[in-house]
Amino acid sequence: MRMTKYFVPTARETPSEAETASHVLMLRAGMIRKVAAGVYDLLPLGLRVIRRVENIVRDEMNRAGALETLLPSMIPAELWMETGRWQKYGKELLRIKDRHGHDFCYGPTHEEVMTDLVRGEVRSYKQLPLVLYQIQTKFRDEIRPRFGMMRAREFMMKDAYGFHPDEASAAEGYARMFAAYENIFRRSGLKFRAVEADTGNIGGSSSHEFMVLADTGEDTVVSCPDCSYASNLEKAESKDRVAENPASILPLERGGAGGASPTDVETPNQKTIEEVSAFLKMPPERFIKTLVYCLDEGKEHLAVLVRGDCEVNEHKLKTALGADSVELASFEKVRELTGAGAGFVGPRGLKMKIVADHLLRGITNAASGANKDGFHTINLSEGRDFKPDVWIDARNARAGDLCARCGKGRLDFHRGIEVGHVFRLGTKYSKAMNASYLDADGKERTMVMGTYGVGIGRIAAAAIEQSHDQAGIVWPYSIAPFHVVILPLNVAKPDLAQTAERIYSELSGAGFDVLLDDRDERAGFKFNDADLVGIPIQVIVGEKGLKNGEVEIKVRKTAARFSVKLEGVGPKIREIADGLLS
């Protein structure tokens, strides 16, 4: 490809809308352009990267025995109603009516459509297991799309669906897809980690996310240095000591030094744990943080208790309670239910269900809101002054907590970008949609399912987040838009232009994807564009080197430079390419 015939609208200035390295550099390198919030044009250079990623994904899916399909992006509401997700999925689901008033959604995922296809065609155990996949555009109406391709509303995704005769077969399929995902991300040049994850809106019994480790990642990866445990923060478990209780339990009716102050202590304008802790001269772990939550859009309200030095984990809360949604109650609702404003709520005397974190078991002489504005209660003891209805792991793990699996290592926290997610669905969808088959004895059985998703654009963005410098992108060789860029420094010089053409033909014939920068521009301009776009290998054709029958080869990743005789250019490029792929 020649630059004079190509469309690469590079830019020198940092776009004001961009926040992350991948967003900035994809805009500056002329790979994407914004159409609307979270919706982007893919320009030729960006599309080449996407196609590279797609080809790796397709190759690994095919190797794992999956078969490619292509399903409609518009899905009739009836299919989603069968599983209940039409009501439960939430506002991210883009709902549309056709001219006849029929309800559709723009598919954010395709469990229902694929299950509908398979239930209509598969009847015998002899047709199972079956894994079907597609690479297709999805749409999720994110409340706050940002970071370019990392959190777009419209995006490219590979989604695969496994149908199995039993749990054993489904487990084998899950392991096969897990291995395929490791190959995909390894071949894409990414440093990644698989972590245990919450199943979210997709559902199922268990799942793993594949996280690319990067400082700009939106997700938190929690791992143990002493064992193989790794999880996202939503599901991370930790083992922590219950706070040591004082030697004696003080009575609730009298408190303070020598029992001389009332149990309800006036704490004017002291609402946060930090403020009240300093005011009462008590450590945060002696506090009971009480939050009122609304379940399933108002169907139930309950109080959630965690220790004062902890935070509520809403994903764990939702999973433990079997709720479709959880959110903090409004200030008005909190006052209606407790008689106090936020910051002054406590568990004593509440007339609602109480859910408590395990770390509060047996806590004594604790402090909490008094359910009265401007007051906190001291000397609260679990079992005597309040009795939780449900005990769960309701808190976020924290850096330095003991690992819940091995009990030895202290948890490390890293930032990560989710690029893939695999789920064991069980019979969640197949049972709801009556996807069954006849076993060897002629008995009807429900298929067992798995689902497996990869964010195509996210892989590209994550690669940039992991591999860039001040000059621009440093593409992994396997997903770079071109392998080699040839830079004749003065195309007005016939010998430079002709040499560049010969190298271009030679490398193209050898199977490399080559971009020839044949523009009549200054050398510095070409160097800047080449570094910005991030093509792995640069061949620089200059007058000084050509007098000696040589060109210069630069490796973008390492900045290593080599002076190479013209006849040795092809072999040297092959050697460098092999090294970049190893």
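Residues are numbered from 1 along each chain as its sequence is written. In this predicted model, local features need pLDDT of at least 70 and side-chain atom pairs count only at pLDDT 80 or more, while totals for chains, interfaces and linings use all residues, and side-chain values use heavy atoms, with hydrogens and water left out.

**View 1. Strand S33 (residues 537-541) and its two partners, S31 and S34.** Strands here are DSSP runs of E with at least two residues, and helices are runs of H or I with at least four, numbered from the N terminus. S33 is largely enclosed by the rest of the structure because 5 of its 5 residues are buried; buried means under 20% relative accessible area, exposed over 50% and partly exposed in between, with a 1.4 Å probe and protein chains only. In a regular strand the side chains alternate between the two faces of the sheet. Ile-537, Val-539 and Val-541 point one way from S33, and Gln-538 and Ile-540 point the other way. Two strands pair if DSSP finds at least two bridges between them. Strand S31 (residues 484-488) pairs with S33 in the parallel sense over 5 bridges, and Leu-487 stands opposite Ile-540. With strand S34 (residues 550-555), S33 pairs in the antiparallel sense over 4 bridges; here Val-539 has Ile-553 as its bridge partner.

**View 2. An open sheet of 5 strands with mixed pairing.** The strand order is S19-S17-S18-S20-S23. At the edges are S19 (326-328) and S23 (390-392), each of which pairs on one side only. Neighbouring strands are turned by 35° against each other on average, direction ignored; axes are lines fitted to C-alpha atoms, for helices over the stretch in contact, and angles run from 0 to 180 degrees between N-to-C directions. Within the sheet, S18 (residues 300-307) and S20 (residues 353-357) run parallel and are joined by 4 bridges. Ala-303 has Ile-354 in S20 as its bridge partner.

View 3. The whole structure has 0 disulfides, a disulfide being a pair of cysteine sulfur atoms within 2.5 Å. Cys-403 counts as buried at 0% relative accessibility, whereas Cys-406 counts as partly exposed at 26%.

**View 4. Gly-407 in the loop between strands S24 (402-403) and S25 (412-426).** Gly-407 is partly exposed, at 24% relative accessibility. Not counting residues up to four places away in sequence, Gly-407 touches Lys-239 and Leu-402, where contact means heavy atoms within 4.5 Å.
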